Amino acid sequence: MNSRQPLPVVVLTGFLGSGKTTVLNHLLANRGGTRIGVVVNDFGSIEIDAMSVAGQVGDSMVSLGGGCLCCAVDGSELDAYLEKLAAPVHRIDVIVIEASGLAEPQEMVKMLMANENPAIRYGGMVQVVDAAEFDATRARHPETDRHLAVADLVVLNKTDRVDAAERIRIEGALGTLCGPGIPVVGADHGRIDPELLFDRRPWTETRGQLSFEDLLAEAAHQADEADGTDPADGADGAGHDHDHGRERCGHVHAAYESIEFVSEQALHPRRFLDFLDRRPAGLYRIKGFVHFGVPGHEERYEVHAVGRFLRFAPGPWGRGEARLTQLVLIGSGTDGPALLRELEACREPAPRQVPPESMWGVLRYVDRPADTSAED
């Protein structure tokens with residue numbers, strides 16, 4: 001039986017020129033050891049030269065030694081490529097789809113939600129908006145408003161090209177165009193923290209074939225030598241600055257706050273759903289595991305939220321694993337102590353006495369309830 005968790009599939013959308021490819025390049029360059037499968041509708045400039053060195057280039061695929069795959073596809077090929085990317089041999093951790101600038105993202109979301117491949121799951125839709133061309137884009141593409149209405153997270157890109165008053169005006173407009181509570185993350189040159197979308201695994205050097213991380217480290221090393229920077233500054237014993245991408249992007253992670261919550265007591269499902277429903281727009285991401293302990297629902301529930309997108313995935317506890325709730329909340333401008341107090345209020349000292357129907361709200365956000373009838 002395959003014990004791998006389904007791979008999250010994040011849809012990255014935005015009209016031509018908004019900076020989708022720039023955002024994607026930044027995610028690839030700052031992903032640590034996370035293996036990203038990338039599907040691109042209109043083949044963009046996603047570090048193709050570096051990928052070509054690292055792996056093998058076919059008619060429509062670039063296969064990286066470090067585990068990234070980049071596929072140029074149309075909608076009819078999407079299922080086949082997702083199945084290929086999800087194959088265990090590639091050891092992919094997350095898939096990012098860069099939709100065509102003229103695509104209808106909600107149709108792609110529907111395809112993913114209806115996809116019956118148990119190896120993948122929908123992971124949210126991110127809409128990239130060009131701050132400098134906001135009004136012009138809406139005039140040229142009236143469907144912009146419709147796309148914003150279904151986004152789970154909005155990246156307001158190119159904020160360095162507008163003044164403070166204009167940015168406030170655009171953010172106000174986005175507040176009316178997006179769904180209630182949809183967070184808007186400001187960025188310049190597409191630089192957002194990858195932790196908002198996926199977990200970064202530890203960066204490890206490879207032996208033999210060059211990985212994408214190796215190429216980035218080598219390029220950073222050469223850039224430092226060219227501008228006179230000492231490449232040993234902040235580097236490890238191998239002479240590579242593994243956080244170089246973060247340094248060069250102006251400590252983008254410093255704009256976000258991370259809050260951790262751990263509870264040995266179970267959480268009441270209804271009170272926890274109430275907390276999620278009223279989470280503030282500045283709370284961009286929630287991840288972790290929840291212990292409800294309600295009769296018939298004693299599994300460990302993985303929770304994943306990007307913007308307003310929310311998903312639960314039940315799964316077994318590990319042998320000897322403590323029944324704990326462990327959550328990480330990532331946001332900006334949020335009241336950390338207040339969020340922790342709200343989570344504390346979700347504790348339930350007697351979960352065995354909680355009626356099973358209290359789980360109905362949680363189960364609405366489970367993609368596919370586990371069917372173990374066919375398991376050995």
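Is arginine 121 buried or exposed, and what is its relative accessible area? Arginine 121 is buried, at 7% (buried means under 20% relative accessible area, exposed over 50%, and partly exposed in between, with a 1.4 Å probe and protein chains only). These legends describe a predicted model, in which local features need pLDDT of at least 70, side-chain atom pairs count only at pLDDT 80 or more, and totals for chains, interfaces and linings use all residues. Residues are numbered from 1 along each chain as its sequence is written, and side-chain values use heavy atoms, with hydrogens and water left out.

**View 1. A salt bridge between arginine 121 and glutamate 302.** The two side chains meet at 3.9 Å, N to O (a salt bridge is a side-chain nitrogen of Lys or Arg within 4 Å of a carboxyl oxygen of Asp or Glu). Arginine 121 belongs to strand S7 (residues 120–130) and glutamate 302 to strand S13 (residues 300–306), so the bridge ties together parts 181 residues apart in sequence (helices, H or I of at least four residues, and strands, E of at least two, are DSSP runs numbered from the N terminus). Glutamate 302 is buried as well, with a relative accessible area of 18%.

**View 2. Arginine 169 with aspartate 135.** Here the closest N and O atoms of the salt bridge are 2.7 Å apart. Arginine 169 sits in helix H7 (residues 164–177) and aspartate 135 in helix H5 (residues 134–140), so parts 34 residues apart in sequence are tied together. Arginine 169 is partly exposed at 37%, and aspartate 135 is partly exposed at 41%.

**View 3. An aromatic pair of phenylalanine 272 and phenylalanine 312.** A search of the whole structure finds six aromatic pairs (rings of Phe, Tyr and Trp, the last by its six-membered ring, pair if their centres lie within 6.5 Å; planes under 30 degrees apart count as stacked, over 60 as edge-to-face and the rest as tilted). This one is edge-to-face, with 6.3 Å between centres and 70° between planes. Phenylalanine 272 is buried at 0% relative accessibility, and phenylalanine 312 is buried at 0%.

**View 4. Phenylalanine 292 and tyrosine 301.** These rings are edge-to-face, 5.5 Å centre to centre and 65° between the planes. Phenylalanine 292 is buried at 1%, and tyrosine 301 is buried at 1%. Ring pairs link Phe272, Phe275, Phe292, Tyr301 and Phe312 into a cluster.
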